[in-house]
Amino acid sequence: MSENNTDLSATQLMAIRSAVLGAAAKVPGALIGMGILFIVLGMIGVAGQTLFSFVSINIVGAFLILAGALQASHAMKSQGWRSVGIQMVLAVMYIVAGLFIWLFPIPALEVITLWLAAIFFVTGGLRLLSAFQHRHFQEWFWLVLSSAISILMGVLIMNGYPQSSLWLPGLLIAIELLLQGWSLLFLGLAARSITK
């Protein structure tokens, strides 16, 4: 009797995993492969942060130019659409921004670094405000700690600016690739255990 209950709960567990993973459960090998690829790219990025920053900024520039070209093409084919002029102006702005990034990668990295520092300062300040609004709860300390870490990150970025703009964007992208890679890898391994 207890053995049947154990089998039933294992079956239910498999059904729940399948429902949670959805379509991912059908392609575990692809998830595992993408996870490993992202982890490798992330490790390369951590090892060569400056190179990774320049590669990343050039990819952003290429995407902006491509987006601008596609938007211009769509606007030209959409005669009679009232906002064709606005769409063309936006397309030109995308292309100009992409070309600026390609021609002047160091100032582009400096702007991105300032933007990242501003994000850390703003999110830290907002979390601190939220912490004081929730100070009646016991867990408000964690919001204060999270806020302090965000503000400290902003201070560290600005302390090393503009030199930090050469390596910081590449490092953050590399860390994101590592985190995403491990997530995909574990998701793929979980999906593979369902198909076995």
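Tutor: Before reading the order of elements, note that helices and strands here are DSSP runs, a helix having at least four residues and a strand at least two, numbered from the N terminus. With that in hand, and remembering that this is a predicted model, the elements of the chain run α-α-α-α-α-α-α from the N terminus on.

Student: How many helices and how many strands does the chain have?

Tutor: The chain has 7 helices and 0 strands. For the chain as a whole, buried residues make up 28% of the 196 residues, while the accessible surface comes to about 12,800 Å², of which 74% belongs to carbon and sulfur atoms.

Student: What share of the contacts between residues at least 6 apart in sequence joins residues at least 24 apart?

Tutor: Within that set of contacts in the chain, the share that joins residues at least 24 apart is 79%.

Student: How should I read the packing of two helices?

Tutor: Two packed helices are described by the angle between their axes and the distance between the axes. Take helix 3, residues 49–77, and helix 4, residues 84–103, whose axes come within 7 Å and cross at roughly 160 degrees. Angles over 145 degrees count as roughly antiparallel, and the crossing angle therefore makes helix 3 roughly antiparallel to helix 4. The crossing of this pair, helix 3 and helix 4, is left-handed, and by class their contact has 20 nonpolar, 6 polar and no charged residues.

Student: At what angle do the axes of helix 3 and helix 5 cross?

Tutor: The axes of helix 3 and helix 5, the latter covering residues 105–133, cross at roughly 95 degrees and come within 10 Å. Because angles of 65 to 115 degrees count as roughly perpendicular, helix 3 and helix 5 are described as roughly perpendicular to each other. Helix 3 contributes Ser53, Phe54 and Ile57 to the contact, and helix 5 contributes Pro105, Ile106, Ala108, Leu109 and Ile112; by class, these residues divide into 7 nonpolar, 1 polar and no charged.

Student: Which residues is Ile157 in contact with, leaving aside its neighbours within four places in sequence?

Tutor: Ile157, which lies in helix 6, residues 140–159, is in contact with Thr113, Leu116, Ala117, Phe120, Ser164 and Leu168 once those neighbours are left aside. Ile157 is buried, with a relative accessible area of 3%, and the C-alpha atoms of Ile157 and Leu168 are 8.0 Å apart in space, although the two residues are 11 apart in sequence.

Student: Where is Ser164 found, and what does it touch?

Tutor: Ser164 is found in the loop between helix 6 and helix 7, the latter being 168–195. Not counting residues up to four places away in sequence, Ser164 touches Thr113, Ile157 and Pro169, and Ser164 is buried, with a relative accessible area of 3%.

Student: What should I look for in the peptide bonds?

Tutor: Most peptide bonds are trans. In this model, a cis peptide bond joins Tyr161 and Pro162, with omega about 5 degrees, and Pro162 has its place in the loop between helix 6 and helix 7.

Notes: Residues numbered from 1 in each chain as written. Predicted model: local features only at pLDDT ≥ 70, side-chain atom pairs only at ≥ 80, totals over all residues. Heavy atoms only, no water. Buried < 20%, exposed > 50% of the residue type's maximum accessible area, 1.4 Å probe, protein only. Contact = heavy atoms within 4.5 Å. Areas by Shrake-Rupley, 256 points an atom, 1.4 Å probe, with all protein chains shown as cover. Axes fitted to C-alpha atoms, helices over the stretch in contact; angles between N-to-C directions. Parallel < 35°, antiparallel > 145°, perpendicular 65-115°, else oblique. Left-handed = near helix turned anticlockwise from the far one by under 90°. Nonpolar A, V, L, I, M, F, W, Y, C, P; charged D, E, K, R; others polar.
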